[in-house]
Amino acid sequence: MLKTKELTKTFSRQSQTFAAVDHVDFSINGGDFCVITGPSGCGKSTFFHLICGITRGDDGEILFDREAIHTYSDKQLAQLRATKISYIMQGDSLLPNFTVLENICLPHQLSGFGDELEEKAMELLREFGLENMAHEYPSNLSGGERRRVAIARAFVHEPKLVVADEPTSDLDEENTAIILDHFQRQAKSGKAILVSTHDMSCLRPGVIHYVMRKGVIRKA
Ligand SMILES: Nc1ncnc2c1ncn2[C@@H]1O[C@H](COP(=O)(O)OP(=O)(O)OP(=O)(O)O)[C@@H](O)[C@H]1O
Ligand SMILES: [Mg+2]
């Protein structure tokens with residue numbers, strides 16, 4: 001489904017240039033649940049920004065369903081993120097002036113999805129133990145609750161690929177298990193799930209484990 005060839009991103013700091021992502025060849029298919037671990041600063045988030053089209057690489061290719069998306073315009077990339085590739089960013093990403101349910105549905109409704117999303121959103125909230133929070137505002141939720149809302153938002157419109165940057169970092173063991181169960185089920189039903197984490201409980205049987213070091217990704 002998604003393939004990178006020699007994907008490279010360099011940054012400069014104090015007149016030194018370094019490759020945060022260094023000639024990475026990576027692929028993920030529908031049905032795969034891939035987990036990338038690696039020390040802080042090794043390039044995981046930078047890699048995710050590249051494959052979701054949030055930043056552009058300096059070199060290399062990104063193919064999604066055999067299309068060269070590294071050649072896409074910003075508008076085409078935004079459209080791809082609105083429909084087929086979902087990105088769950090590291091940290092807080094909810095809109096403070098909208099309720100939980102609005103946060104999950106509105107961004108997708110703005111890009112053309114209909115009211116049917118609300119039923120699916122309520123289903124996800126139930127699955128994640130948040131059914132009573134649909135009409136709350138994010139500031140009344142805990143960090144872990146907000147994180148689960150962001151995960152619901154990423155799945156509600158049935159994308160093909162979900163890219164999640166440290167999705168369990170705010171979660172206790174029980175909720176981590178609920179989210180990992182969800183990821184595994186979604187992969188079984190044909191989606192591709194790509195996660196970065198420092199949380200070794202993500203390395204469940206069946207997960208494809210990669211390790212990233214200094215911009216380079218290798219199978220564990
Ligand atoms: N915009 C930027 N300009 C310069 N350097 C950057 C920029 N963004 C990231 N970096 C550097 O690139 C390297 C990779 O950063 P990245 O955020 O991808 O790491 P990470 O593996 O996600 O780390 P963590 O586990 O802490 O989230 C780091 O050395 C970081 O300081
Ligand atoms: Mg990161």
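Two strands pair if DSSP finds at least two bridges between them.

This is a predicted model, in which local features need pLDDT of at least 70 and side-chain atom pairs count only at pLDDT 80 or more, while totals for chains, interfaces and linings use all residues. Residues are numbered from 1 along each chain as its sequence is written, and chains are lettered from A and ligands numbered from 1 in the order in which they are written.

Q: What radius of gyration does the protein have?
A: The C-alpha trace spans about 50 × 40 × 35 Å along its principal axes. A compact globule of 220 residues would be near 17 Å (2.2 Å times the number of residues to the power 0.38, over C-alpha atoms). The protein agrees with this, since its own radius of gyration is 17 Å.

Q: Over how many bridges do β1 and β2 pair?
A: Strand β2 takes in residues 16-28 and runs antiparallel to β1. Thr-4 lies opposite Phe-26 of β2. The number of bridges joining β1 and β2 is nine.

Q: Which residue in the hairpin of β1 and β2 takes a positive phi?
A: The hairpin has two residues between its strands. A phi near 50 degrees is found there, and the residue that takes it is Gln-14.

Q: Which are the edge strands of the open sheet of four strands?
A: The order across this sheet is β2-β1-β4-β5, with antiparallel pairing. An edge strand pairs on one side only, and β5 consists of residues 67-68. The edge strands are β2 and β5.

Q: Which helix supplies the largest share of the shell around ligand 1?
A: The residues surrounding ligand 1 (C-beta atom, placed from the backbone, within 6 Å) include Phe-11, Arg-13, Gly-38, Cys-42, Lys-44, Ser-45, Thr-46 and Gln-90. At least two shell residues come from each of β1 (2-13) and α1 (44-51). The largest share, three residues, belongs to α1.

Q: How many residues of α1 are buried?
A: Buried means that 20 or more other C-beta atoms lie within 10 Å of a residue's own, against 12 or fewer for exposed and in between for partly exposed, with C-beta atoms placed from the backbone. Across the protein, 39% of the 220 residues count as buried. In α1 the buried residues are Lys-44, Phe-47, Phe-48, His-49, Leu-50 and Ile-51. The helix is thus mostly covered, and of its eight residues the number buried is six.

Q: Which residue with a positive phi follows α1?
A: Lys-44, a buried residue of α1, is also part of the shell around ligand 1. After this helix comes a residue whose phi is near 75 degrees, and that residue is Gly-53.
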